[in-house]
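Open the structure in your viewer and keep the selection tool handy. We'll go from stop to stop, and at each one you'll hear what to select and what is there.

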Amino acid sequence: MLDLTLIPAIQTTLPPVFEARHLINGQWRDSADAATTERLSPSHGTVVSRAAKGGKDEAEAAIAAARAAFDDGRWSALSGKARATVLLKVADLIEANVDRMALIETLESGKPITQARGEVSGAADLWRYAAALARTLHGDSHNSLGADMLAVVLKEPIGVVSIITPWNFPFWILSQKLPFALAAGCTCIVKPSELTPSTTVILGDLLTEAGLPAGVVNIVLGYGQPVGATLASDPRVDMITFTGSTAVGKGIAAAASGTLKKVALELGGKNPQVIFPDADLDSAADAVTFGVCFNTGQCCNSGSRIIVHEDIAEAFTARVVELSKQVAFGDPLDPATQVGAIVSPEHGAKIDGYVTAARNAGAKVALGGKPLQIAGLGPQFYAPTVVTNVTPDMPIAREEVFGPVLTVLTFRTLDEALKLVNDADYGLSAGVWSENVHTCLTFARQAQAGTVWTNTWMDGFPEVTFGGVKQSGLGREIGRYGLDEFMEIKSLVMRIGRTRAPWVRPR
Ligand code: NAD
């Protein structure tokens, strides 16, 4: 008996199956061969959406539409004000559709409805922020090159952008990319994960309603092969931005290299939080519990490994175990639920495999370590899990488990903690808990990560850029740098007056 907080199935009627189709050049289309895929709710085991399954033909038609839309300037030649007006309308429409979008997001992904509502309405703010950037977009000028020279650095939209997104935050991640690409003046082809296509498709309708010209955003549904691979390799595409696993990200970089298109990658993480004895330990334990349980641990930013000072390791771990028992796991449709289902049976088995291997290698499971049976719900739930007696070389301490599984390592000195933090292939985010500003600043400067949180975890803002180092990715999203990713830089050098001395010496 684990003594966890479990929320049983609520009595409710699920909505009709959502039908998702491709959006190509402003037209909603089935696949030429009429192929479809079905998505089962990971929590309830019933079909919740049916999507057209695209092939190479649909991907190529979408690329052609995006290319034509970019080249004729129907979007890229508009003023920043005109682009911002459309983006702001989209934000309003997202807010007006939060409930319907959150419901299908929950049914496809297994995430709690309260969280899904927060993500969809939060995404509207990303669209508003991108609209602000569209109006403030500017390059640079060099007015100190000499009396006869003036140089201007122009920013131009990079062109046609392929966007490939994962299943864990389908609408949020799309909104970290698409409005920024549109603010820059790019045209796009979007491929959502085959597991969670529907909120991307709903957005397609909202874009049309907001007045976005046909062909500027095209949506192709289907698998990585052949749809994603075509979007990554086609010479008519200028840039690919991808969020997903490091393994697929490497394949995308290789596919894109044939035409040297720009590649932006947001990949996996094995994110450490270091806890010093002088920290506010109650806040730290709460944030650690949140960091590993949020989105069932299926989160690039999952705080999946903690590195705790030896003097407090036992008591701190016991506190995290106690808090984890109080986190509400269960039916994602119940607003009280904090943690929902695992995305697929295969993924559940992978999580369990990591825990079993760690146990066999001598680690101790202080809590959980097994699938959960919750009244009235399917089998895809996994208990909050805390694993101690872990050594840094174990796969559970180095690889992305992508489940509610926390590993505990210990340290004695800041140097030792930093060595453990940086002994990783990944470098997405890292955290430090201490009341000593010197400890926090030294840690922040030396941790190899795209984001460092001090005395907090996973706070994010549209203004603050995000991305990873090492094998966690390439490039940055959101914030001003997120817009720059979608811009090409052109230098314009101008001579004023006929002051240029001839290079050719007259004979
Ligand atoms: P995934 O790599 O399996 O799939 C991501 C997307 O790529 C899907 O749309 C999939 O259909 C597509 N794809 C698969 N094979 C492809 C191919 N050969 N060519 C082109 N596209 C292909 O990832 P996932 O399981 O959907 O998502 C989980 C992963 O995403 C985790 O590793 C997680 O850390 C990462 N992630 C990273 C961030 C970040 O911001 N760094 C955010 C969320 C998720």
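The tour begins with the ground rules, moves to the ligand, and then visits a helix and some single residues.

**Ground rules**

This is a predicted model, where local features need pLDDT of at least 70, side-chain atom pairs count only at pLDDT 80 or more, and totals for chains, interfaces and linings use all residues. Residues are numbered from 1 along each chain as its sequence is written, and side-chain values use heavy atoms, with hydrogens and water left out.

**Stop 1: the ligand**

Now zoom in on some polar contacts. The term stands for a pair of N or O atoms within 3.5 Å; within protein, one must be able to donate a hydrogen and the other to accept it, and residues adjacent in sequence count only if both atoms are side-chain atoms. Pick T165: one of its backbone N or O atoms is 2.8 Å from an oxygen atom of the ligand. Next pick K191, where a polar side-chain atom is 2.8 Å from a ligand oxygen atom. Then go to L267, which has a backbone N or O atom 2.7 Å from a nitrogen atom of the ligand. How much of the ligand's accessible area does the protein cover? On its own the ligand has 850 Å² of accessible area, and the protein covers 86% of that. Accessible areas come from the Shrake-Rupley method with a 1.4 Å probe, and for residues only the protein chains shown count as cover.

The space taken by the ligand is the largest pocket. A pocket is found on a 1 Å grid over the protein atoms alone: an open set of points, where a 1.4 Å probe fits, with protein on both sides within 12 Å along at least five of seven lines. A molecule sits in one if more than half of its atoms lie within 2 Å of its grid points.

**Stop 2: the elements around the ligand**

Colour by secondary structure. Helices (H or I, at least four residues) and strands (E, at least two) are DSSP runs, numbered from the N terminus.

A cis peptide bond joins Q225 to P226, with omega about 5°.

Next, select S162 in strand β9 (residues 160–164). Its side chain reaches the backbone oxygen of L231 at 2.9 Å. Is S162 buried or exposed? S162 is buried, with a relative accessible area of 0%. Buried means under 20% relative accessible area, exposed over 50%, and partly exposed in between (1.4 Å probe, protein chains only).

**Stop 3: helix α3**

Select residues 98–109. This is helix α3, with 12 residues and a reach of 16 Å from its first C-alpha to its last, close to the 16 Å expected at 1.5 Å a residue. (The expected span is 1.5 Å times one less than the number of residues.) The helix is mostly covered, with 9 of its 12 residues buried; among them are V98, M101, I104 and L107. Step just past the end of α3 to G110, where phi is positive at about 90°.

**Stop 4**

Go to T296, in the loop between α9 (281–293) and β15 (305–309). T296 is not a glycine, yet has a positive phi of about 55°. This residue is buried, at 2% relative accessible area.

Then jump to K470 in strand β23 (residues 469–470). Its phi is near 50°, again a positive value in a residue other than glycine. K470 counts as partly exposed, at 36% relative accessibility.

**Stop 4: loop residues**

Select H138, in the loop between α4 (113–136) and β7 (140–142). H138 is exposed, with a relative accessible area of 52%. Draw a C-alpha to C-alpha distance to K155: 6.7 Å in space, for 17 residues apart in sequence. In the loop between α4 and β7 you'll also find G139, which is partly exposed at 28%.

Finish at G475, in the loop between β24 (473–474) and α15 (479–484). G475 is partly exposed, with a relative accessible area of 24%.

Terms used
1 Å grid on protein atoms, 1.4 Å probe; cavity = no way out; pocket = protein on both sides within 12 Å on 5 of 7 lines; lining within 4 Å.
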